[in-house]
Amino acid sequence: MYQDGDFIIGGLFEVQHLKNFPELTFRAEPELPQCEEFYMASFQQALTMVFAVNEINNNNDLLPNITLGYQIYDNCLRLGVAFRAAISLVSGTEESFSNLNCIGPPPVIGIVGDPGSTQSIAISSVLGLFRIPMVSYYATCSCLSDRKKYPSFFRTIPSDAFQVRAMVQILRHFGWTWVGLLYSDDDYGIYAAQSFHQEMQLFGGCVAFSEILPYDNNHKDIQRIVRVIRTSTAKVVVAFSTDLSSLMDELLLQNVTGRQWIASEAWTTTPILQTAQYLPLLGGTLGIAIRRGQIQGLHDFLIRLHPDNNPRNSTIKIFWETIFGCKFEALDEQQEQDGTKCLGQEDLSSTETAYTDVSELRASYNVHKAVYALAHALHDLMQCEEGRGPFSGNSCADITNLKPWQLVHYLQKVNFTTGFGDQVSFDDNGDALAIYDVMNWHPRSDGSIIVHTVGVVNEGATTGKPPKSVCSESCPPGTRRARRKGFPVCCFDCLPCGDGEISNTTNSPECVMCPDDFWSNPENDHCVPKEVEFLSYEDPLGISLTTASLLGTTFCALVMVIFAYNCNTPVVRANNSELSFLLLLSLKLCFLCVLLFIGRPQLWTCQLRHAVFGISFVLCISSILVKTMVVIAVFKSSRPESKSAIKWFGSAQQRGTVLALTSTQVAICTVWLSTASPAPHKNNQYIHSKIVYECAVGSVVGFSVLLGYIGLLAAVSFLLAFMARKLPDNFNEAKFITFSMLIFCAVWITFVPAYLSSPGKYAVAVEIFAILASSFGLLVAIFAPKCYIIILHPEKNTKKAIMGR
């Protein structure tokens, strides 16, 4: 809805509900959402803003010679829609600008809304950066009082922090100190619950149970919560939520009655629960409600509403079609004849809906106050005398070039009285003066529930009786009887023993810790042996890794058979077949060493697993390194100036190089095992209820040197192979070695963080996976191309084809 003016006030209201978002292609401007389920009470709140703007425009004492306008959006109860609407309000919707100097008033001087706490948090986080004022009429989350995060947020509804104090005043008045707590799984419920716990501690009461209501009304969760309420000795239940229908239905189904309910403002006045079926459950409920007010002339204004053809007021047509059950655009002649076409002249005074009901103006009253707060702030800003202003150099705001932060300054200091006699002002956090109506639910003559105002509670009221002491009758085994710290009254709880603790007697004052190799049973009254965990051959993970190990070993043996059978062919003989067989043997050892990592750790397996792993991989990498050096030497020797290079890479020199490189790793392992040998270790740190058997490495330095030496050889092999990858040859093995070493390095680089972050047996599984992955990578990258030629293309297995250029 839109009306032009000298200054525009934006508005965000929950008029409809968006069930399905339009598809976002990111290639075109998104379509406007099609919202459903028209809410009459929310539309009344939006029209109250229109009424307030018109009322101010007709008031010669407030903003004389200034005409206010409005631009109101429906947020459809969706954060995304609300955020888009807010950005459209503050940035404008024009696609081009006629005034490039951006002189003049901003698109809106402030926003009335959003009613939701979650939406307000998101929108205020952005608007606060530009100090654009936002005055909510229904967002109650105490988190919004944080002036550092939300410097331009104000509200005409009290914070939940005040509501909680009002609730505790009621509990204190009746001496109810043993209560249960239910709250919704959103910002509203979570922050309210935190405040309630804090206030109850100061009051000296005890929270018997504290349960989060499932966001999706999951039936199993609802049943669990009902069991908690039924079995608890607390007969008073406090609830912070906007949707309790599913819970109340389950409570009725299980006949859980006899509880005194304390309602938050979110459901105190909701008509959904005020029916006859809920009377046995909710009769006598006490609730906190937003202050009810009266707005003179609002009812007459509401029933005078009529639709027009302005596309910027499209919501009025939707409202009209909803309330009268007609359509402005008839689909056929039949609709015109049977009267289902809207004429726009229907009489609203003949309808009885939440839209026309002005007997309980609560949210609408807050909307009225929010509009007037912005108007009074703008009025005070315009009354500023130059030279006596609050800004730099005692200056005043320039009304022709108004800055939003200047209005925030005056909004913070607003102080006026409504026509109903309530004072409106904001504290340093932007919160309104806290005042609530106390409501009581009574039965009507027809069996339904009527809600009466039975009192008013203000922030700072100090009436009530002293709290009573509440003590549990007896504490069963598995719990301990204790008084909560910080409570000024004698309040005892049966606190469950902690993990690993037991108590064998009733009313035990303390719990006893189980011995090191034992843990408490589920009832916390006996110690039982801890479960032992290690990567075993019976474990599905152990079976999978063992299968992969034996599969890799079989593949290596199969390749060796193929190479032995074709040992005189050029592909096998190329680049020293002896090194190829040695490489296959080392890969087989790499696959087999995995078996040492599986099973219950013992001294000999802990000592051998890393030694065999380290020596096998160095034998493998050194064979690859020497093969790469031979490739380079052969091509170097083809040049006249490098004829002598090949004599340093004969068979004896190749074997000697592999032996020397492997011997270095053998020496590292010998020193490591002789000084700080790995050994079996019982680890209780990962999971206190289990014993994780693992091999402690003994010396982290020794293990690091072993891995570092393998990494050094792999890096050198990769660099040499990379340099030789483009040498002229139809079958240049350096290309495949480069790819194999790339896989090898990638696997072991990712291994380190994965290994360090994996608990218990999964750390062993990560190491095994790294060994298998790198071994399969080497086997496939180096030997698959050769086997491909030998088996499938024997015509290419000739000296001429291999030598090429």
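How many bridges join strand β11 to β14, and in which sense do the two strands run? The views below are of a predicted model.

**View 1. Pairing of strand β11 with strand β14.** Strand β11, residues 286-290, is joined to β14 by five bridges, and the two run antiparallel. Strand β14 spans residues 435-443 and is mostly covered, with seven of its nine residues buried.

**View 2. The hairpin of β14 and β15.** Nine bridges pair β14 with strand β15, residues 449-458, in the antiparallel sense. Pro-443 has Ile-449 of β15 as its bridge partner. Five residues lie between the strands of this hairpin, and Gly-447 takes a positive phi near 95°.

**View 3. The open sheet of six strands.** The strand order is β1-β3-β2-β4-β5-β6, and the pairing is mixed. At the edges are β1 (2-3) and β6 (153-155), each of which pairs on one side only. Within the sheet, strand β4 (residues 110-112) and strand β5 (residues 134-136) run parallel and are joined by two bridges. Val-112 has Val-135 in β5 as its bridge partner. Strands of a sheet pair through backbone hydrogen bonds, in either the parallel or the antiparallel sense.

**View 4. Helices α1 and α2 across the sheet.** Helix α1, residues 40-57, lies across β1, β2 (7-13), β3 (68-74) and β4. The angle at which α1 runs to β3 is about 170°. Helix α2 lies across β2, β3 and β4, and runs at about 180° to β2.

**View 5. A nonpolar surface patch that includes Leu-79.** Leu-79, Phe-83 and Ile-87 form this patch, and together they have about 210 Å² of accessible area. Leu-79 belongs to helix α2, which covers residues 79-91. With a relative accessible area of 37%, Leu-79 is partly exposed, because this class lies between the cut-offs of 20% and 50%.

View 6. Gln-665 is placed in helix α18, residues 651-675. Is this residue, Gln-665, buried or exposed? Its relative accessible area is 0%, so Gln-665 is buried, the cut-off for that class being under 20%. Beyond its neighbours within four places in sequence, Gln-665 is in contact with Gly-614, Ile-615 and Val-618, and also with Leu-706, Tyr-709 and Ile-710.

Note on methods
Residues numbered from 1 in each chain as written. Predicted model: local features only at pLDDT ≥ 70, side-chain atom pairs only at ≥ 80, totals over all residues. Heavy atoms only, no water. Helix = DSSP H or I, 4+ residues; strand = E, 2+ residues; numbered from the N terminus. Buried < 20%, exposed > 50% of the residue type's maximum accessible area, 1.4 Å probe, protein only. Contact = heavy atoms within 4.5 Å. Patch = residues over 30% accessible without salt bridge, like charges linked within 9 Å, V, L, I, M, F, W, Y side chains within 5 Å. Areas by Shrake-Rupley, 256 points an atom, 1.4 Å probe, with all protein chains shown as cover. Salt bridge = Lys/Arg side-chain N within 4 Å of Asp/Glu carboxyl O. Pairing = 2+ DSSP bridges. Axes fitted to C-alpha atoms, helices over the stretch in contact; angles between N-to-C directions.
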